[in-house]
Amino acid sequence: MCSFGSNVKKIAKEDPRKLIHSIKVGLAIALVSLFYYFEPLFDYEGFGVSSMWAVLTVVVVFEFSVGATLGKGVNRGLATFLAGSLGVAAHRLASFTGSDKLQPIILGLSVFSVATIATFLRFVPKLKARYDYGILIFILTFSMISVSGYRDPVVLDKAITRVTTILIGGVAAIMFNVVIYPVWAGEDLHNLIATNIEELGISLEGYGTQYFKKIDVKSEEELERISLDEYKCVIYSKASEENLVNFAKWEPHHGKFRYRHPWGQYLKIGDLVRECAIKINALNLDLTSCNMTQEGRKIIQEQCTKMSIECGSALKEIAMSMKTMTLYPTIDSHILKAKASSEKLRSIIRNGSLIEEKELQKLLPSTRIASLMLDIVSNSVEIVDSVNQLATLTKFKILSSKPKRLGSKSRIPSGNIGEAHLVVNVE
């Protein structure tokens, strides 16, 4: 019990939004339950047992993020309305025959046809991504209304009552999720991609300072803080990114993210980041499993160190650019330095400097590591280019490195200047 309690406390501390979400769900269910508790306010006889559909809708629809709640709410509302209308139409069509023997046959054929077509539509990738839950609710609602309507003459009233109660539950869930401390899937996706890029940068800088033995940090304590395994969680983040993109497409304009934000670009960046992480993983396996000779290490050490550190710096800065939605001019300088080092390493390989090794078996580890580093540089350049495309589409701020002129009455802000190199001319 103590262990369970400590785990619950840890979850609440790591992400307080989860605790707030739980409170919001409880409040929404309590509000909808008033249909049962207060007869003077709500006509219980009007809804009857169907009032439970409002409570059930809140439980099913209320998700952690606004986008997920909107997606489920719209899916459930539209599916219930369409299935209810179609079920009533099938019931009316069967009743026009005037034959008690033909009615169950017509209803059975309608249920078979609708269920078959709707189930097949769930296999269409675009429909499955955004409307799978709605199609499932459509099949359930149509089947229930069609089958129960055969013995119940007031099928139309039942359909209207169910649509109304589900609408009440869906609106309550959406309002509570949007108004009280909303959690936006688009913002989570943006931060997730930026964090993944930053973790790649941290790992690459770690390889540059540890594995290639080009120590540029000031102390051993600072060196120990460099993590080489930050990239591993990036490899398995594809499912989370795709879910967040699907949820973000449902969300309205919020903060810096407009309604038709280019969410698809985030998937492209995520794929490039994972490809880079996989190559860093291969580099890690090679560096930890193979033994390079001192001659081979000396040949590739300098250029591989520069490429690792410069690519790591570029990725960390481009991650900061995503978080602040501001492009920094120093990113290009890191990329240019990494490209220059990669060209030098290519020329070393082409000139046959590595062939001086006496045995081919001793030559292969150095060549393989050099090849992986060249691929990582190419991937890093693609990641930076993709983020620049996103910056163009979403109109990031551009921090100019050109000198700024200030008027005689202008004030120079106090404080220390960080990484940016500025020249201020005061007239």
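These legends describe close-up views of a predicted model. Residues are numbered from 1 along each chain as its sequence is written, and side-chain values use heavy atoms, with hydrogens and water left out. Because the model is predicted, local features need pLDDT of at least 70 and side-chain atom pairs count only at pLDDT 80 or more, while totals for chains, interfaces and linings use all residues.

**View 1. Phe 138 and Phe 142 form a stacked aromatic pair.** The structure holds 4 aromatic pairs. Rings of Phe, Tyr and Trp (its six-membered ring) pair if their centres lie within 6.5 Å; planes under 30 degrees apart count as stacked, over 60 as edge-to-face and the rest as tilted. The ring centres of Phe 138 and Phe 142 are 6.4 Å apart and their planes are at 10 degrees, so this pair is stacked. Both residues belong to helix 8 (residues 125–148) and are 4 residues apart, about one turn of the helix. Helices (H or I, at least four residues) are DSSP runs, numbered from the N terminus. Phe 138 counts as buried because its relative accessibility is 16%, and Phe 142 counts as buried at 1%. Buried means under 20% relative accessible area, exposed over 50%, and partly exposed in between (1.4 Å probe, protein chains only).

**View 2. Phe 257, Trp 263 and Tyr 266 make up an aromatic cluster.** These three residues form one cluster.

**View 3. Cys 276 and Cys 311 are in no disulfide.** A disulfide is a pair of cysteine sulfur atoms within 2.5 Å, and by this rule the count comes to 0. For Cys 276, the nearest cysteine sulfur is that of Cys 311, 7.7 Å away. Cys 276 is buried, with a relative accessible area of 0%, and Cys 311 counts as buried at 1% relative accessibility.

**View 4. Residues 214–226 and 402–420 have pLDDT under 50.** pLDDT is the predictor's confidence in each residue, from 0 to 100. The protein averages 78, and 76% of the residues score at least 70. Contact means heavy atoms within 4.5 Å. Beyond four places in sequence, the model has 16 contacts for residues 214–226 and 18 contacts for residues 402–420.

Methods:
Helices (H or I, at least four residues) and strands (E, at least two) are DSSP runs, numbered from the N terminus.
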